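Subject: Structure handover

Hello,

Here is the structure I promised to pass on. Please open it alongside this message.

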Amino acid sequence: MASTTPSQGISTTTIALASVATISLGFVGYALYFDHRRRTDASFRANLKKQHRAASKLASASAKAAEQTQKQRIRAAVQDATEEGFPTDPEETEGYFMQEVARGEGMCQDGSDPVDAALCFYRALKVYPQPRELIGIYDKTVPKPILDILAEMIAVDPSISVSGSDAGSAEPVE
């Protein structure tokens, strides 16, 4: 026989549903209150705009600082590479070139630091006999962010000739 007495306690499902409904109702109520206040209160709107301008100014300053930091890293990397020197023997130069290109491609593939990847391509460019030709190849194969960093490295180093003739290249290989 079935029991005709009601159950003694509230089920956990009922408690969970009531909690979710209360939280949802609170969230919708706050959203409506915020929207109403945004539409009707001029000082609230002005405060929101002020906060938005401050946040965008902070983001802009942060982006400029990051750009400056990256430019300093690029200058330091180029200077360090120049101080290390580059091979002059044709066999060593060829091996060095292949090693640096392979390292750069590997760093592009695994998502390493883009400055380090660009530095590998820069080192390979320094020992290549026709830099303009190699830059054309890089333009087709190297990802754009790394290519942009490489362009900054080339701009920092005046010994790489990329315009006109290749007579001014840094280390000619025979």
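Predicted model: local features only at pLDDT ≥ 70, side-chain atom pairs only at ≥ 80, totals over all residues.

Overall fold. The protein has six helices and zero strands. Along the sequence the pattern reads α-α-α-α-α-α. Of its 174 residues, 24% count as buried. Take the contacts with a separation of 6 or more: 64% of them are between residues 24 or more positions apart.

Core. The largest nonpolar core has 30 residues. Phe97, Tyr122, Tyr138, Leu150 and Met153 have the most contacts inside it. At least two core residues come from each of helix 2 (42-84), helix 3 (90-110), helix 4 (114-127), helix 5 (131-141) and helix 6 (144-156). Helix 4 gives the most, with 10 residues.

Which residues does Tyr138 touch, leaving aside its neighbours within four places in sequence? Tyr138 is in contact with Val101, Phe121, Ala124, Leu125, Leu147 and Leu150. Leu150 is also among the residues with the most contacts inside the core.

Surface. The accessible surface comes to about 12100 Å². Carbon and sulfur atoms hold 58% of that. There is a nonpolar patch on the surface, formed by Phe27, Val28 and Leu32. Together these residues have about 340 Å² of accessible area. Leu32 is found in helix 1 (residues 12-40). Is Leu32 buried or exposed? Leu32 counts as exposed because its relative accessible area is 57%, and the cut-off for exposed is over 50%.

Best wishes

Conventions
Residues numbered from 1 in each chain as written. Heavy atoms only, no water. Core = buried A, V, L, I, M, F, W, Y, C linked by side-chain atoms within 4.5 Å. Buried < 20%, exposed > 50% of the residue type's maximum accessible area, 1.4 Å probe, protein only. Helix = DSSP H or I, 4+ residues; strand = E, 2+ residues; numbered from the N terminus. Contact = heavy atoms within 4.5 Å. Areas by Shrake-Rupley, 256 points an atom, 1.4 Å probe, with all protein chains shown as cover. Patch = residues over 30% accessible without salt bridge, like charges linked within 9 Å, V, L, I, M, F, W, Y side chains within 5 Å. Salt bridge = Lys/Arg side-chain N within 4 Å of Asp/Glu carboxyl O.
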